[in-house]
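Have the chain open while you read.

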Amino acid sequence: MAPETPLLDKINSPADLKKFDANQLQQIADELRAETIDAVSVTGGHLGAGLGVVELTVALHYLFDTPDDKIVWDVGHQVYPHKILSGRRDRIRTLRQGGGLSGFTKRSESEYDPFGAAHASTSISAALGFAVGSDLQCNHNRAIAVIGDGAMTGGMAYEALNNAGAMHNKLIVILNDNDMSIAPPVGALSAYLSRLISSKPYRSLRDIGLHMSEKFPRPMKKAAQRAEEYARGMLTGGTLFEELGFYYVGPIDGHNMEHLIPVLKNVRDDEAEGPVLVHVVTQKGKGYDPAEQSADKYHGVGKFNVVTGTLDKGNANAPSYTKVYAESLIKEARDDDKIVAITAAMPSGTGLDLFEKEFPQRSFDVGLAEQHAVTFAAGLAADGMKPFATIYSTFLQRAFDQIVHDVALQDLPVRFAMDRAGYVGADGQTHCGAFDIAYLACLPNMIVMAPSDEAELVHMVATAVDIDSQPSAFRYPRGESVGVDMPERGEILPIGKGRILREGTKIALLSYGTRLQDCLDAAEELQAHGLSTTVADARFAKPLDEDLVRRLAGEHEVLVTIEEGSVGGFGSQVAQFLAMEGRFDHGLKFRPMVMPDAFLDQDSPRKQVELAGLSNTDIVAMAMAALGVDAESGSVQGRA
């Protein structure tokens, strides 16, 4: 049964929200929280973070003139309440579904989403861009960045703070501290201080005091400055931000409208130049007991029962690739004490929470800092350790410079384990692992692998452990594995060697990664059309199995490569080799099948593969078209 929301029912945009009295805002927040919980129970998605910013979301839209004023949400997984208030409530139960609302902010979706997000630590930089643009265009729009304390572990946030602090543009940064990682609020005293130091009289007195202190003898000047630093820094924890050039306000209780509204109003109306940071303390999962008790578990959820909080676990028939990787690494680490594991704020997402339970001293979560993670791993490798940098494909691309200069250039044996390779379903465009094959296979000294199933993944973990003279990488998808028989321990694969699973004479299908089963299914269908088909598993994009490629090209009329990656990846490596060998001069029909040159919206992973033209049906059509054969009739095109 849907929750009763009499006040929320009257809100179709932030303009409607402004019609209410301030004393009604808490009820609106309560209704918004109930609506968010109910919607996510139907669709699944990110829950805890959104529940933690309900009051803050209401307060921001109540006080600021969105969409003219720009609210930039860092990461974006907390924006479901924002979407409900900004005209998208009628579609909120399409979240993360095919054709539905994105689970993150998206510029093309709404004018209330001024900047797209899903990767962390970008909001302050983007909001500063809006602030400077507003000043240059004299439109006086305000720019507000909302960033969590987790995203503040990313170096880019500090680069932006440093830049903004040296400028005079009016930028408002709201630090959503939902782990109390900096300082807890201290009740009424904290609220009073926050209102005081955000007010115009205090700002004026402060400025006058600072100006007068310049006229004092040096000891008195220092005493005055130290007194203010103590009052504003020691009591509130804002010294760091003050040193970076921000006017610090807080901490304040992010769930108390009587604290939020006056402080944010003061900050909004302040005409002083320069950036302001408002420190707001919130609780993940606020207002929903199961999420409050297990914030990590309810960070991202599937469908669930609102009353009991019971999560729908689905009917998995095979273990996830993530779990297979983690368990394989644990087995290897039991026999090799040089193996260490590194993740960038994704221990459960990458399976390294399992590794950490057994090897807490050899497991490192560095926060949302992929660049640091890679160079940290490089340092470990340089000292003789065997680091596994376990990072989502889409997040690893943030550290490309470090991969090039700190790892590949020095030939350091960092092992990159890339989860979420290929299409990721409901997380959509921002989390799709499209580019890792291309951006790694172009690097000298890099070994690049991809398993076709979970058993091959076990072998590649063992192989990566054994590669001790150069960097290596392997990718694997999100979700359930194929369901093949599993080896007890991984075998070390011969580097740069693929395998043939099915022999034929007319068409060769060369798969890289987990599209192998589609290739085998396509081969069966091609055989039904009388087209004898070979199926091979490349295993390695680099070094390329040149003997295998040479044989497939020489013994078949058509060679098709298939990969769930962008152009420039495995197929391009094969094409480069074939061109240099002169194989195209002898009539070989070569067709690389890759992801389309487009960012696909969220949908089921299988639907995304079909939309991308990488299914078994598409493989059949591609091979037959290369031969000039009509896929439906089986006849040669142009003939009766």
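For sorting a lining by class, Ala, Val, Leu, Ile, Met, Phe, Trp, Tyr, Cys and Pro count as nonpolar, Asp, Glu, Lys and Arg as charged, and the others, Gly among them, as polar. Sorted that way, the lining of the second largest pocket holds 14 nonpolar, 13 polar and four charged residues. Bear in mind that we're looking at a predicted model.

That second largest pocket has a volume of about 520 Å³. Its lining is made up of 31 residues, and Gly428, Gln429, Thr430, Cys432 and Phe599 are the ones that lie nearest the centre.

The largest cavity holds about 80 Å³ of space. Around the largest cavity sit 13 lining residues, with Ala421, Arg475, Pro477, Gly513 and Thr514 nearest its centre. By class, the lining of the largest cavity splits into six nonpolar, three polar and four charged residues.

Now for the backbone. Most residues other than glycine have a negative phi, and most peptide bonds are trans. Here are the spots that go the other way:

| Site | Feature | Value |
|---|---|---|
| Threonine 66 to proline 67 | cis peptide bond | omega near 5° |
| Lysine 542 to proline 543 | cis peptide bond | omega about -5° |
| Arginine 420 | positive phi, not a glycine | phi near 60° |
| Arginine 539 | positive phi, not a glycine | phi about 65° |

Where do these sit? Proline 67 is in the loop between helix H4 (54-63) and strand E2 (70-73). Proline 543 belongs to the loop that runs between strand E17 (540-542) and helix H23 (546-555).

As for the two arginines, arginine 420 is in the loop between strand E11 (415-418) and helix H20 (436-441), while arginine 539 lies in the loop between strand E16 (533-537) and E17.

Is arginine 420 buried or exposed? Arginine 420 has 12% relative accessibility, so it counts as buried, the cut-off being under 20%. Arginine 539 counts as buried too, because its relative accessibility is 11%.

If you'd like to look for yourself, strand E17 (540-542) is a handy place to start: the loop with arginine 539 lies between strand E16 (533-537) and E17, and the loop with proline 543 lies between E17 and helix H23 (546-555).

Definitions and conventions: Residues are numbered from 1 along each chain as its sequence is written. This is a predicted model: local features need pLDDT of at least 70, side-chain atom pairs count only at pLDDT 80 or more; totals for chains, interfaces and linings use all residues. Side-chain values use heavy atoms; hydrogens and water are left out. On a 1 Å grid over the protein atoms alone, a cavity is a set of points where a 1.4 Å probe fits but cannot get out, and a pocket is an open set with protein on both sides within 12 Å along at least five of seven lines; lining residues have an atom within 4 Å of a point. Grid points are joined across faces, edges and corners, and a volume is the space filled by probe spheres set on the points. Helices (H or I, at least four residues) and strands (E, at least two) are DSSP runs, numbered from the N terminus. Buried means under 20% relative accessible area, exposed over 50%, partly exposed in between (1.4 Å probe, protein chains only).
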